[in-house]
Amino acid sequence: MTTKLLLKNFHQWLFLLVCFVCTLSSWAETVDGVTYYVDKTTQTARVTGLADKNVTSVEIKSIVAGCEVTSIDRLAFYGCGSLTTVKIPNTVKDIWEYAFSGCNSLKSVSIPNSVTRISIHAFERCTSLKSIVIPESVEEIGKYAFEDCI
């Protein structure tokens, strides 16, 4: 009797767990070493970081899990000292605080026409940064966004 009751409870809990997982509307997903936060409710995703902080080159995807990548989160690439190149897709609208701060090997960045905001300290201490193209679409550049860049 006890075994049947335990088995019945186990199956009920398993069913509830499956139902819960199927209703998740957001989660983290890593694609080609880049971690994204995916939100199915808004059909958007944002870059949250790297699986390996020692990579030298990153290409941010424009679509992840069927959702458009619209921003690079605060501290996403913070302190990635080996990073030399980043390709940002034209779906990204916002580059948030300290997103690339301390990426002292980053040599050049091309900001796509979709970007409207570069937040405070976004590229601070990118001491190897030799060129950056900022399109007219950028409406806001935060204080110290390029502090201590050469």
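A salt bridge here is a side-chain nitrogen of Lys or Arg within 4 Å of a carboxyl oxygen of Asp or Glu. The model is predicted. A search of the whole structure gives five salt bridges.

**Charged pairs**

Select Asp73 and Arg46. They form a salt bridge, with the closest N and O atoms 2.7 Å apart. Asp73 sits in the loop between β6 and β7 and Arg46 in strand β3 (residues 44–50), so the pair ties together parts that are 27 residues apart in sequence. Asp73 counts as buried because its relative accessibility is 14%, under the 20% cut-off. Arg46, at 31%, is partly exposed.

Next, select Lys61 and Asp32. The closest N and O atoms of this salt bridge are 3.1 Å apart. Lys61 is in the loop between β4 (57–59) and β5 (63–64), and Asp32 is in the loop between β1 (26–31) and β2, 29 residues apart. Is Asp32 buried or exposed? With a relative accessibility of 63%, Asp32 is exposed, while Lys61 is partly exposed at 27%.

Move to Lys93 and Glu68, whose side chains meet in a salt bridge of 3.5 Å, N to O. Lys93 belongs to the loop between β7 and β8 and Glu68 to strand β6, 25 residues apart. Both partners are partly exposed: Lys93 has a relative accessible area of 36% and Glu68 one of 32%.

**A threonine in β2**

Select Thr35, in strand β2 (residues 34–39). This residue is buried, at 17% relative accessibility. Its side chain makes a polar contact of 3.1 Å with the side chain of Thr30. Among the other residues that Thr35 touches are Ala28, Val47 and Leu50, as well as Arg46 from the Asp73 salt bridge.

**Aromatic rings**

Which residues form one aromatic cluster? Select Phe77, Phe100, Phe123 and Phe146 to display the cluster. The count of aromatic pairs is three. Phe77 and Phe100 are stacked, 4.9 Å centre to centre with 5° between the planes. Phe77 lies in the loop between β6 (67–72) and β7 (85–87), and Phe100 in the loop between β8 (94–95) and β9 (108–110), 23 residues apart. Both Phe77 and Phe100 are buried.

Phe100 also stacks with Phe123, at 5.0 Å centre to centre and 5° between the planes. Phe123 is in the loop between β10 (117–118) and β11 (131–133), 23 residues from Phe100. Phe100 has a relative accessible area of 0%, and Phe123 is likewise buried at 0%.

Methods:
Residues are numbered from 1 along each chain as its sequence is written. This is a predicted model: local features need pLDDT of at least 70, side-chain atom pairs count only at pLDDT 80 or more; totals for chains, interfaces and linings use all residues. Side-chain values use heavy atoms; hydrogens and water are left out. Rings of Phe, Tyr and Trp (its six-membered ring) pair if their centres lie within 6.5 Å; planes under 30 degrees apart count as stacked, over 60 as edge-to-face and the rest as tilted. Helices (H or I, at least four residues) and strands (E, at least two) are DSSP runs, numbered from the N terminus. Buried means under 20% relative accessible area, exposed over 50%, partly exposed in between (1.4 Å probe, protein chains only). A polar contact is a pair of N or O atoms within 3.5 Å; within protein, one must be able to donate a hydrogen and the other to accept it, and residues adjacent in sequence count only if both atoms are side-chain atoms. Contact means heavy atoms within 4.5 Å. Lists of a residue's contacts leave out its neighbours within four places in sequence.
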